[in-house]
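Thank you all for coming.

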Amino acid sequence: RLRKYFADKDIQKIFSSAVYRCKQTSEVISDKKIEVAFDKRLLETFSAYQGYWGADFATPEGWDQFYAHRHELGGEGYADLQKRALEAVHDIIAAPEERVILCSHGDPLQFIFMGLSNKPLQDELGDTGEYGNPEYLHKGWIRPLVIENNQYRFEPVITQDMLMELYVNG
């Protein structure tokens, strides 16, 4: 559905996290017709738990535990992640391509959205949004960003259900 959605959008390049699931998504969308560039700044949160996901973290209560280790074991805070992701976005915006896709993860995408929308970050150990923020992007959702006269405008989010409705007949 994502490939179909982007097929007629004249996408010139895809910038993606190098995490395998993002690579897969980018390659499916590109259909070997669009260049894919991997940028480490679009990776998930750098933490001692990088790459680890267990049932203990799959709840709102567990999510606080996932981030709570940072002060003991090291890793990025929300502001660190936002700064890194926004640096990538500003470099991408300065690139010659005009129509691009950013393929990343929930937290970096949320923090990019918050930064470009001038919204404050949540508390350091608070919920970033998946469990508490209706603006948080879920897997396969699209948040179009239009830049005109150095102004950022986000268009309405396109959900997987909306994509399903668009392509229900094929």
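Predicted model: local features only at pLDDT ≥ 70, side-chain atom pairs only at ≥ 80, totals over all residues.

Let me begin with the count: there are eleven salt bridges in this structure, where a salt bridge is a side-chain nitrogen of Lys or Arg within 4 Å of a carboxyl oxygen of Asp or Glu. Residues are numbered from 1 along each chain as its sequence is written, and side-chain values use heavy atoms, with hydrogens and water left out.

Take Lys13 and Glu35, whose side chains form a salt bridge at 3.7 Å, N to O. This pair ties together distant parts of the chain, since Lys13 lies in strand β1 (residues 13-16) and Glu35 in strand β2 (residues 35-38), 22 residues apart; strands here are DSSP runs of E with at least two residues, helices are runs of H or I with at least four, and both are numbered from the N terminus. Lys13 counts as buried because its relative accessibility is 14%, whereas Glu35, at 47%, counts as partly exposed. The cut-offs are under 20% relative accessible area for buried, over 50% for exposed, and partly exposed in between, with a 1.4 Å probe and protein chains only.

The next pair is Glu76 and Arg84, which meet in a salt bridge at 2.6 Å, N to O, and here both Glu76 and Arg84 are buried.

A further salt bridge joins Glu148 to Arg153 at 3.3 Å, N to O. Glu148 has a relative accessible area of 46% and is therefore partly exposed, and Arg153, with 41%, is partly exposed as well. Elsewhere, salt bridges with shared partners connect Arg3, Asp31 and Lys33 into one network.

Now for the chain as a whole, which has seven helices and five strands, arranged along the sequence as α-β-α-β-α-α-α-β-α-β-β-α. How much of the protein chain is made up of buried residues? The share is 39% of its 170 residues. As for contacts, meaning heavy atoms within 4.5 Å, those between residues 24 or more positions apart account for 59% of the contacts with a separation of 6 or more.

That is where I will stop, and I am happy to go back to any of these pairs.
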